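The following paragraphs lead through the structure shown below.

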Amino acid sequence: MMKAEDIMTTDVVTISGSATVADAVDLMKYKGLRALIVEPRTENDPYGMVTETDIIYKVAAYGQDPKQIRVYQIMTKPCIVVNPELGVEYVARLFANTRIRRAPVIKGKLLGIISITDILRKSDLFDNPKPIFIEDEIEVAREEARRICASKGDSSRECAAAWDVVEELLASASHLRSQKQQMETQEPVD
């Protein structure tokens, strides 16, 4: 299985949160980037991220002077980060569920950045798809529910909660099947 560290970009450009947005724009233009990682101020401070979307939506759209606005005022912090050992399909799911396009790869320190472009261009997900079988998750949840009910009693709150997990997974599986059917019946758009 390919991991985030296998496809991440290691040449990461960072910027200080105290830099101006104009500085960030200049750096992004010069390096041809859509986002910059914002350096932590201290050892325990989390990383942040400033993107072209932040700049357009929070500065340009309101006619603010990018020379007067600081990166820390518009960045996302803390930002979602990825462990380098995380499988690429799980990174894709993380991005889909959180509606983000890129994240720093961190394990103790900044190692790289991974984006949807990296997943699209560098991963083997499309040559060798790795379906994540919800049926397997359902079976594990059923076994766990049976175990909990046997030990806590069929009328216990724990037993009811365990079966609720099974029901949620079954509903998710049904939703995924209907989405797949809809996609199969839609006509391609050029």
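The largest nonpolar core comprises 15 residues, and Ile-15, Leu-36, Val-50, Val-71 and Ile-74 have the most contacts inside it. Such a core is a set of buried Ala, Val, Leu, Ile, Met, Phe, Trp, Tyr and Cys residues joined through side-chain atoms within 4.5 Å, where buried denotes under 20% relative accessible area (1.4 Å probe, protein chains only). Helix H2 (21-31), S2 and helix H4 (71-74) each give two or more residues to this core; H2 gives the most, with 3 residues. Apart from it lies another core, of 12 residues, including Phe-95 and Leu-125.

The model is predicted: local features need pLDDT of at least 70 and side-chain atom pairs 80 or more, while totals for chains, interfaces and linings use all residues. Residues are numbered from 1 along each chain as its sequence is written, and side-chain values use heavy atoms, without hydrogens and water.

An open sheet of 3 strands has the order S1-S2-S3, with mixed pairing. Strands (E, at least two residues) and helices (H or I, at least four) are DSSP runs, numbered from the N terminus, and two strands pair if DSSP finds at least two bridges between them. Strand S1 (14-15) and strand S3 (48-51) stand at the edges with a single partner strand each, so one side of each has no neighbour in the sheet. S2 and S3 run antiparallel, joined by 4 bridges; Val-38 has Gly-48 in S3 as its bridge partner.

Leaving aside neighbours within four places in sequence, Ile-15 is in contact (heavy atoms within 4.5 Å) with residues including Leu-27, Leu-36, Val-50 and Val-71.

How values were computed. Buried means under 20% relative accessible area, exposed over 50%, partly exposed in between (1.4 Å probe, protein chains only).
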